[in-house]
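Hi everyone, thanks for making time this morning. Please have the sequence and the model open as I talk, and we will go from the whole chain down to single residues.

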Amino acid sequence: MSSPPKVLIIGCGVAGPVLSLLLKNKGYQPVIYEKVKMLGEAGGSLMLNPNGMKVLNMVRKIDDLLEGTATLPLSDFWHGTNTGETLAHNSLGTEFVAKYSQPSMGIKRTTLNLQLKKMLLDRGSELHEGYELINIEEDTDCVTAHFSNGQSATGAFLVGCDGIKAASRRIFLEKAGTNEGAPSFTGLTQTGGISKTPKALAEKPGTLHNWYGAGVHVVAYPISTTHTSWAVTLPQASEQPETWALASGEELADRQKMLLAKLEGFEPVVLELVKAVERIISFGLFDRVTLDREGWFSKRCVLVGDAAHPTSPHLGQGANQALEDCYHLSRLLPQVKDDAKFDEYVDLSKIFDEFAGIRQPRTSALVKGARKMGEERVVTGGPELCRQRDAQIAARFGDLETLKKSFDGLYSEPF
């Protein structure tokens, strides 16, 4: 008997492992290639919303997936001034499970990544770490990936899940005659970390907080019953390289000092989060030109997640949209029937085109929405502009009916 069709998946973040698990259930042989030599402690947190949670629940019940993690679903959303004056507050998160079957919750990125890695290995999928993609060759009946370590792999098709700086995207756009160049810096940076939840926030469990100051935005949400993830968004004239490296020691102290200076005048609980952090990550927010539908795929390659539609974190939809991608791509690919005759009953170009047709309009709109929200939240130029921003925040997040419709548009998907 011939082997199942091999699928080359580039990247082992969130989308890569989930897509691997979904495709394995349909008879494929997914193999993941990750450029990092050993996945471990890195990055901060993720906001998992009902649309993404539904897809995760397809591979394993979320409670089992996050075994050992004391999760705390979101119930409330609070928006306020830097001094703690409430601009808008609602408890719509309490309705999410009844309306969308899943809650919203924050989670430590490493926890989810390593659990997904363990699951795919436990279920017999292959993972090769230390494999950095440098070239792709597409033939009539196969695709071959070449890696910087001198290794290569051949499969039926390739899926690029390797993020905003995706080598998969760069390579096949270049082969199509487009030299996209590096991502462009948005002029905003984020610095954040995970801290033990201060008493003032512990008294409001399950609440996502947003503070708005002059030229600064702070967001904080629980990632467990004991810890809170937070991030400070600031304007910066010069480009700061994107990095998920964790700062500690003297570098940590320097960043804390910088943040505390920027956060002068903020209510004490925000300063407490910064002072209590053990490690900090800092990274620039970058952008890419939105790809047309045809730019998402070639004959035997297709992009997923940030490789296709990188988005800033201001809507909390990056990982969730990548998970929606995984659902739709796996749904459109048929159950394997006859391994030896795969190309006779599967038209990959048609499937990839349908996939991009479903996903490109939705993700491009969300990318624009997240970009606009980031620009609106971080206001410079004086007190009057800040007052106007605060009034907009109060109006937008105080209009519960419009807010419910917005949540419906996000969380009723992908099924």
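**A walk through the chain**

Let me start with burial: buried residues make up 54% of the 415 residues in the protein chain. By buried I mean under 20% relative accessible area, with exposed being over 50% and partly exposed in between, using a 1.4 Å probe and protein chains only. Before going on, please keep in mind that this is a predicted model: local features need pLDDT of at least 70, side-chain atom pairs count only at pLDDT 80 or more, and totals for chains, interfaces and linings use all residues. Residues are numbered from 1 along each chain as its sequence is written, and side-chain values use heavy atoms, with hydrogens and water left out.

Now the overall build. The protein chain has 14 helices and 18 strands; these are DSSP runs numbered from the N terminus, H or I of at least four residues for helices and E of at least two for strands. The radius of gyration is 22 Å, close to the 22 Å that the globule rule gives for 415 residues, so the chain is as compact as a globular protein of that length. That radius is taken over C-alpha atoms, and the rule is 2.2 Å times the number of residues to the power 0.38. Along its principal axes, the C-alpha trace spans about 65 × 45 × 35 Å. Of the contacts with a separation of 6 or more, 76% are between residues 24 or more positions apart, where contact means heavy atoms within 4.5 Å. As for surface, the protein chain exposes about 17900 Å², and carbon and sulfur atoms supply 50% of it; areas come from the Shrake-Rupley method with a 1.4 Å probe, and for residues only the protein chains shown count as cover.

On to the sheets. Strands of a sheet pair through backbone hydrogen bonds, either parallel or antiparallel. Here two strands pair if DSSP finds at least two bridges between them.

Strand β11 (residues 157-160) runs parallel to β18, joined by three bridges, and Gly-160 has Leu-303 in β18 as its bridge partner.

Is Gln-360 buried or exposed? At 14% relative accessibility, Gln-360 counts as buried. A polar atom of its side chain lies 2.9 Å from the backbone oxygen of Leu-291. Not counting residues up to four places away in sequence, Gln-360 touches Thr-290, Leu-291, Asp-292, Arg-293 and Trp-296.

A second open sheet has three strands, in the order β8-β9-β10, and its pairing is antiparallel. Its edge strands are β8 (133-138) and β10 (152-155), each pairing on one side only. Strand β9 (residues 143-147) pairs with β10 over four bridges, and Thr-144 has Thr-154 in β10 as its bridge partner.

Then there is strand β3 (residues 45-48), covered on both faces: Ser-45 and Met-47 on one side and Leu-46 and Leu-48 on the other are all buried. Four bridges join β3 to the antiparallel strand β6 (residues 105-108), with Leu-48 standing opposite Met-105.

Finally, a few backbone details. Ser-101, in the loop between α4 (96-100) and β6, has a positive phi of about 80° although it is not a glycine. Ser-101 is partly exposed, with a relative accessible area of 44%. In the segment after α14 (400-411) sits Pro-414, and the peptide bond from Glu-413 to Pro-414 is cis, with omega near -10°.

Methods. A polar contact is a pair of N or O atoms within 3.5 Å; within protein, one must be able to donate a hydrogen and the other to accept it, and residues adjacent in sequence count only if both atoms are side-chain atoms.
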